[in-house]
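Try each task before you read its solution.

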Amino acid sequence: KVDIVMEYILIIISAIFVNNVLLSQFLGICPFLGVSNKLSTATGMSGAVCFVITLATVVTYLLNKYLLLPFGLEFLQTISFILVIAALVQMVEIVLKKISPSLYQALGIFLPLITTNCAVLGVAITVVTKEFTFGGEAHLLNLGEATVYALATSLGYGLAMCLFAGIRGHLALNNVPKAFRGLPIALISVSIMAMAFLGFSGLVK
């Protein structure tokens, strides 16, 4: 039981800090740069992405295990995963429109763009194809591990986005040289954040 608990802890630490989906794997950069101007919208987008990544990973994992693999339809993996993600994004969009119209308006075009957010598809494909090494043994994730990995990855996405939104808020109050205003200083800030997160690499072997 201790080994299982430790394995889940390693998955969480690795997904949030060591292999952060944004700052280490560089997935989902478009909404990261587009919605991080304000902390409120960044938080809203993080919540939506967190829900979609976690639920999409569970659904696609089950789809792959009980339909695609048994019938030899692995070649349909990518297209079937995209269809599942698109359906879930539509559901999130409908719910947000009714529950929080202000957040729905603030997210704007970036909400339906979750459908094409490569972070969502990247996580879904990673959990069914990549072998993870724990305790010296490499193996594919089971459903529980895949769910924890997806949730931790989405939390890492939200953490990076909210931190970046705070940084951009401070940058807006400073006299940034004209040549660096806007996207240039944003990309420089992201690169410094990525180097900072690199310091966590020693936590998981």
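The model is predicted, so local features need pLDDT of at least 70 and side-chain atom pairs count only at pLDDT 80 or more, while totals for chains, interfaces and linings use all residues. Residues are numbered from 1 along each chain as its sequence is written, and side-chain values use heavy atoms, with hydrogens and water left out.

**Exercise 1.** Describe how helices α3 and α6 pack, and list the residues that make the contact.

*Solution.* Two packed helices are described by the angle between their axes and the distance between the axes.

- Step 1: α3 spans residues 39–68 and α6 spans residues 118–129. Helices here are DSSP runs of H or I with at least four residues, numbered from the N terminus.
- Step 2: The axes are 9 Å apart, at an angle of about 40°. Axes are lines fitted to C-alpha atoms over the stretch in contact, and angles run from 0 to 180 degrees between N-to-C directions.
- Step 3: α3 and α6 are therefore oblique to each other. Oblique is what remains after roughly parallel (under 35 degrees), roughly antiparallel (over 145) and roughly perpendicular (65 to 115).
- Step 4: The crossing of α3 and α6 is right-handed, meaning that the near helix is turned clockwise from the far one by less than a right angle.
- Step 5: From α3, the contact (heavy atoms within 4.5 Å) uses V52, I53, A56, T57, T60, Y61 and N64. From α6 come V120, V123, A124, V127 and V128.
- Step 6: By class, these residues are 9 nonpolar, 3 polar and no charged. Nonpolar covers Ala, Val, Leu, Ile, Met, Phe, Trp, Tyr, Cys and Pro; charged covers Asp, Glu, Lys and Arg; the others, Gly among them, are polar.

**Exercise 2.** How many disulfides does the model have?

*Solution.* 

- Step 1: A disulfide is a pair of cysteine sulfur atoms within 2.5 Å. The count by this rule is 0.
- Step 2: For C50, the nearest cysteine sulfur belongs to C162 and is 11 Å away. C50 is buried at 16% relative accessibility, where buried means under 20% relative accessible area, exposed over 50% and partly exposed in between (1.4 Å probe, protein chains only).
- Step 3: For C118, the nearest cysteine sulfur is that of C30, at 9.0 Å. C118 is partly exposed, at 38%.

**Exercise 3.** Are S46, T126 and F26 buried or exposed?

*Solution.* 

- Step 1: S46, in helix α3, is buried at 7%. Leaving aside neighbours within four places in sequence, S46 contacts G158, M161 and C162.
- Step 2: T126, in helix α6, is buried at 16%. Not counting residues up to four places away in sequence, T126 touches F132 and Y149.
- Step 3: F26 sits in the loop between α1 (2–18) and α2 (29–34) and is exposed at 54%. Although F26 is not a glycine, its phi is positive, at about 60°.

Key
Helices (H or I, at least four residues) and strands (E, at least two) are DSSP runs, numbered from the N terminus.
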